Amino acid sequence: DTIFKMKENNTSSIFMKVWLWLTRFVRGFVLRGLCLLRVPEHVALIMDGNRRFAKKHQLPSAVQGHYSGFDKLNEILEWCLELGVRHVTVYAFSIDNFKRSREEVDALMRLAEKKFTDIQWHKDFLKAKGIRIRIAGDRTLLPPSLQEAAARIETLTATHTNAVLTVALAYGSCTEMAQAVSQAAAAMASQPKTNGTHNKQPRPITAGD
């Protein structure tokens, strides 16, 4: 029985090695093929379906689905880097997502903070690849600790110019439009008035014109 189990374990180990080799080979082949095509300048990714994934695979909670989603995101970002995609935007957490259960929201905030903190340990890699990380959205809605982690990674990569990863947190179209209007109004209000032209009425057109 012992000999049989050893043979079975060796067979499984060989199978896994062959499988991993085939996976790497196919992945490399596909990426080389894609490089021959026109590589997009900007790719946007929406983090959606993690809860459905957790339910389908009978994971303990929806949070586990989010962890799996982030693992897959890391893999996709590696593909984008290898292909030479210069701009990637990840829509990670919308304002509407705050309507989910407190437990799930808190877990997602902790997960995002952990990822931003972990990335800082790879600062040499980020510098070598020239990857800049930006955070988009209304960060005032985020926990203070997450705001600080986001600010640190932005500062750390601010001078990198080869590629840009934008992570959208607490984003929403209505909020963004309202902010854009407010910013435009503030910009107009700050412009100095010259010769009273702001209040000047147009001159009527006469026959002499």
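Q: Which elements each supply at least two residues of the lining of the largest pocket?
A: This is a predicted model, in which local features need pLDDT of at least 70, side-chain atom pairs count only at pLDDT 80 or more, and totals for chains, interfaces and linings use all residues. Residues are numbered from 1 along each chain as its sequence is written, and side-chain values use heavy atoms, with hydrogens and water left out. A pocket is an open set of points on a 1 Å grid over the protein atoms alone, where a 1.4 Å probe fits, with protein on both sides within 12 Å along at least five of seven lines; lining residues have an atom within 4 Å of a point. With helices (H or I, at least four residues) and strands (E, at least two) taken as DSSP runs numbered from the N terminus, the elements are α3, β2, α4, α5 (123-129), β3 and β4.

Q: Which element gives the most to the lining of the largest pocket?
A: The lining comprises 28 residues, with Asn74, Leu77, Ile119, Leu126 and Leu165 nearest the centre of the pocket. The greatest contribution, 7 residues, is that of α3.

Q: Which element gives the most to the lining of the second largest pocket?
A: This pocket is lined by 20 residues, and those nearest its centre are Met47, His66, Ala92, Asn97 and Arg100. Two or more lining residues come from each of α2 (50-56), α3, β2, α4 and β4. The most, 4 residues, come from β2.

Q: Does Ser94 count as buried or exposed?
A: Ser94 belongs to strand β2. Buried means under 20% relative accessible area, exposed over 50%, and partly exposed in between (1.4 Å probe, protein chains only). Because its relative accessibility is 13%, Ser94 counts as buried.
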